[in-house]
Amino acid sequence: MNSKIGRRDFIKLAAVGTAVTTITIAAKGNPLAEGKETSPYRWAMVIDQAKCVGCGECSLACQAHNDTREDAPWNRMIELEPLNGEPVYAPVPCMHCENAPCVDICPVGATYHRADGIVMMDYEKCIGCRYCQLACPYGARTFNWDKHTSANSAVPEWGEPEVERRPRGVTEKCTFCFHRIDRGLAEGLMPGIDRQATPACVAACPVGARIFGDLNDPNSPVSQALAKYPAVQLRQELGTSPRVFYLPARRAEAEESAS
Amino acid sequence: MSQRIKLHRAVFPVWVILLVLVMAAGLAAAVHVFSNGLVVTNLTDLVPWGLWIGIDLSAIALSAGAFTLSAAVYLLGWKELQPVARTAVFIGFLGYSMAMLCLLMDIGRPERFWHAVAFWNIHSPLWEVTMCVILYFTVLVLEVAPIFGEASWFKTRWPKLSHRLHNIHKIAPALAIAGLCFSLLHQSSLGATYGVLKARPIWYKPSLAVLFIVSAVIGGLALTVLASKVSALLSERANVRQDVLDKISRAIGWMLLGYLYLRFWDTLGMEYTLQPGRTEGLHLLTSGALSFNFWVGELLLGILVPAVILVSGKLRRQPRLHLLALLLTVGGLVAYRWDTNIVGQMVAFSYLPTQIEPLYTTYSPSLVEVLVGLGVIAYGLLAFTLGVRFLGIVDHNSLPEEAVEPILAMPLPVPTD
């Protein structure tokens, strides 16, 4: 008697398991088949290290417009080894990887790709497990360990906050100022060309070391720069395929010696 | 009444009061965390997973005796292990509830704990772990329910409910299968949670999943036997069959040797991958800040010494050495989980091409973290103590339940035509 029940239970369980797996694969396995949004744009950023003087105005503009904490900037300014006695800088925002480790591993899908390639954060979904901080090879993510109440020292000199402060207990990171891109496009402006439609850090750079634009458009500032100069992506060997490119400082040196 | 039993009866209330006090301190610390945020911990953006994750990982791993012994009893038909499986299932139930308490403390938005159920990301090992933990906890609740139903005080008060809970036993084989599936999935996926992170080379390897499941089975069995033996020493309500426990201990000893082989080659083989960040992490383990933990805590005291004691019949028959070996096995598993979690965070490799120096970080838990952690552990100990006293959790003389035929061990029907 008992053995019959056992076998039946086993078969039932196996059937339920198979059904659940099938439904899961059908429902979730192929997001592209669900008529996911498409976009004509592929946004990217180019940072010219030969031009960057490390003034940090990009970081201040970011802090003002995105209302970030002073001690947890979205755009970090890092000083590298000097080249021929001249300092070299690397401003580091979120890389908006095409193969983003954070998007793969977020247990609740709170961080995700928009059709135009921007890696977004859903602060309403995030449970604050901080797995994405472990997964990000670029240290681009900061966590709200407490409620952000302090005054923003970059306001109003470097701009006014354009987005809400993030609540306690969620992770946050650079968004490529998607709100400026969307608002600009709605007004018929072109991100990368019109200042109001361009990420705040790019618009604020006084020496033109930051370039923004659409990789799909061969005439966009980023496509032009990438066609002209060799570029590097950070930790290329990981295969994350970042959408932030660096034109190395050594390039200027090579050009000078060539001329 | 012997002198010893009198002493135990006197100590019992002291022990319970002590645990309640530690739990109260933990609760106060938890309130502090909930009202002020995780800023009161020593966690940072560079080391976001600390003591609580360590306790969480250890509690889940040490609960693995439940699925292992349930599978042995109900699938392989090793019926003599049935009373031990009962202890293991109760420990598993406590272990998973401890793990969930730790996770609730650790996540920034505890009120959104259910999001993983509602918003799926099937690519995330952590999503899979969360789902399996929830499903397996359901299995454990069903497996533990008959234990409550069978307690005499429960029977006299709620006879009907007791009967219903007891009847859940009928699906024990199905529960054992479900528990085996969910456990194999998430015990190894906890290793994969670290193993899939390419950003942290010391973690990035498929073998973490294997090491996690193997060490969990060993540590889970060791804790089950240890808790049974200690209960029998300290409580008149507990009685054990030493011959049955002895068999399990011997198996633990041999499995430890197998695990030593895996852990040794897996770790030292990493030296030759020459991967930036991985070599540095490995040196932290073998000669740096974690080297004592690694060589002494994990390998020598955590594996080698207990393996020798448990494999050798002569040493194992000395009760004190036997207990020590089980305790060391459990400690070795905790050390492994702690080292694994922390080592990948201690070396954050630079992402900048001209800066090849890795960034070394440190972490030691704050008082608040320690208090919450101790509170969770005190809850587990208290619940187990009460379980031994009022639910007969460790009782190898209990009448075996009405025969439940193991399903996998059944002979196949002979074709008639």
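Two strands count as paired when DSSP finds at least two bridges between them. Keep that in mind as you open this predicted model, because strand pairing is where the tour is heading.

**Stop 1: chain A as a whole**

Select chain A and switch to a cartoon view. Its secondary structure comes to 8 helices and 9 strands. Now colour the buried residues: they make up 44% of the 259 residues in chain A. If you draw the contacts between residues at least 6 apart in sequence, 60% of them join residues at least 24 apart.

**Stop 2: a sheet of three strands**

Next, select β8, β1 and β9 of chain A. They form an open sheet of 3 strands in the order β8-β1-β9, and the pairing is mixed. Which strands stand at the edges? They are β8 (210-214) and β9 (244-247) of chain A, and each has a single partner strand, so one side of each is left without a neighbour in the sheet. Turn the view to look along the sheet: from one strand to the next, the twist averages 20 degrees.

**Stop 3: strand β1 and its two partners**

Select residues 43-48 of chain A, which make up strand β1. With β8(A), this strand pairs in the antiparallel sense over 5 bridges.

β1(A) and β9(A) run parallel and are joined by 4 bridges. Click D48(A) to find one end of a bridge whose other end is L247(A) in β9(A).

Is β1(A) mostly covered or mostly uncovered? Mostly covered, since 6 of its 6 residues are buried. In a regular strand, the side chains alternate between the two faces of the sheet. Show the side chains to compare the faces: W43(A), M45(A) and I47(A) are buried on one side, while A44(A), V46(A) and D48(A) are buried on the other.

**Stop 4: a glycine in a loop**

From A44(A), move to G117(A). The two are 73 residues apart in sequence, and their C-alpha atoms are 8.6 Å apart in space. G117(A) lies in the loop between β4 (111-113) and β5 (119-121) of chain A. Why does G117(A) count as buried? Because it has 21 C-beta neighbours inside 10 Å, and the cut-off is 20 or more. Leaving aside residues up to four places away in sequence, G117(A) touches R42(A), W43(A), H96(A), E98(A) and R243(A).

**Stop 5: where the chains meet**

Bring chain B into view. The contact takes 48 residues from chain A and 46 residues from chain B. On the chain A side, the elements giving two or more residues include α1 (2-28), β2 (76-83) and α3 (101-105). The most comes from α1(A), with 10 residues. Coloured by type, the chain A side divides into 26 nonpolar, 11 polar and 11 charged residues.

**Stop 6: a helix in chain B**

Finish by selecting residues 82-106 of chain B, which form helix α4. This helix has 25 residues and reaches 36 Å from its first C-alpha to its last, close to the 36 Å expected at 1.5 Å a residue. Of its 25 residues, 22 are buried, so α4(B) is largely enclosed by the rest of the structure.

Methods. Residues numbered from 1 in each chain as written. Chains lettered and ligands numbered in written order. Predicted model: local features only at pLDDT ≥ 70, side-chain atom pairs only at ≥ 80, totals over all residues. Contact = placed C-beta atoms within 7 Å. Nonpolar A, V, L, I, M, F, W, Y, C, P; charged D, E, K, R; others polar. Buried ≥ 20, exposed ≤ 12 C-beta atoms within 10 Å, placed from the backbone. Axes fitted to C-alpha atoms, helices over the stretch in contact; angles between N-to-C directions. Expected span 1.5 Å × (residues − 1).
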